[in-house]
Amino acid sequence: MLVLALLGATLLLHAPAQGAENVGPSRIALIPLVVHSADDRAYLRNGLRDMIRHRFAAIDEVELIMIEDESRATSRLPEALAIGREVGADFVFFGSFTRFGSGASLDVQCASTHAAEGEAPLREIFVYSGNVGDVIPD
């Protein structure tokens with residue numbers, strides 16, 4: 001939860017400049033995560049999406065744009081930026097989840113769609129745990 005609160009603060013500080021009449025929440029495209037697992041990938045992807053969506057819902061200053069098409073899942077910055085720009089988002093949230101044995105890792109990024117070419121993502125979050133149940137709360 002702390003990670004998303006910090007991400008929310010980062011988004012507010014890096015929001016694109018807008019005229020006073022257009023001030024509103026930052027628009028974030030939540031792109032499906034790439035899931036690497038022998039288990040049911042759709043189940044994991046949907047569960048992760050729902051958990052992340054609910055965490056973002058607690059931040060009033062953001063408007064989520066849900067990208068539902070699983071074929072658009074990506075962990076590559078150029079592809080994520082193209083999707084975000086296509087849907088009119090200010091930011092993209094994307095990445096991957098890997099499950100191996102009883103462990104798991106979550107590797108996500110948030111980047112501005114208004115960033116200059118080659119500019120690094122605003123925030124990269126990597127969480128690893130030997131227990132899959134600890135990854136999302138972390």
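How many of the 10 residues of β4 are buried? Select β4 and you'll find that seven are, so the strand is mostly covered (buried means under 20% relative accessible area with a 1.4 Å probe, protein chains only). Strands here are DSSP runs of E with at least two residues, helices are runs of H or I with at least four, and both are numbered from the N terminus.

A quick note before moving on: this is a predicted model, where local features need pLDDT of at least 70, side-chain atom pairs count only at pLDDT 80 or more, and totals for chains, interfaces and linings use all residues. Residues are numbered from 1 along each chain as its sequence is written, and side-chain values use heavy atoms, leaving out hydrogens and water.

Next, show the neighbours of β4. Strand β1 (residues 26–30) runs parallel to β4, joined by three bridges; strands pair if DSSP finds at least two bridges between them. Click Leu30: its bridge partner in β4 is Phe93. On to strand β2 (residues 34–36), also parallel to β4 with three bridges; here Val34 partners Ser96. Strand β5 (residues 103–112) runs antiparallel to β4, with 10 bridges. Look for Thr98 opposite Ser105 in β5. In the hairpin of β4 and β5, two residues sit between the strands, and Gly101 takes a positive phi near 60 degrees.

Key: Buried means under 20% relative accessible area, exposed over 50%, partly exposed in between (1.4 Å probe, protein chains only).
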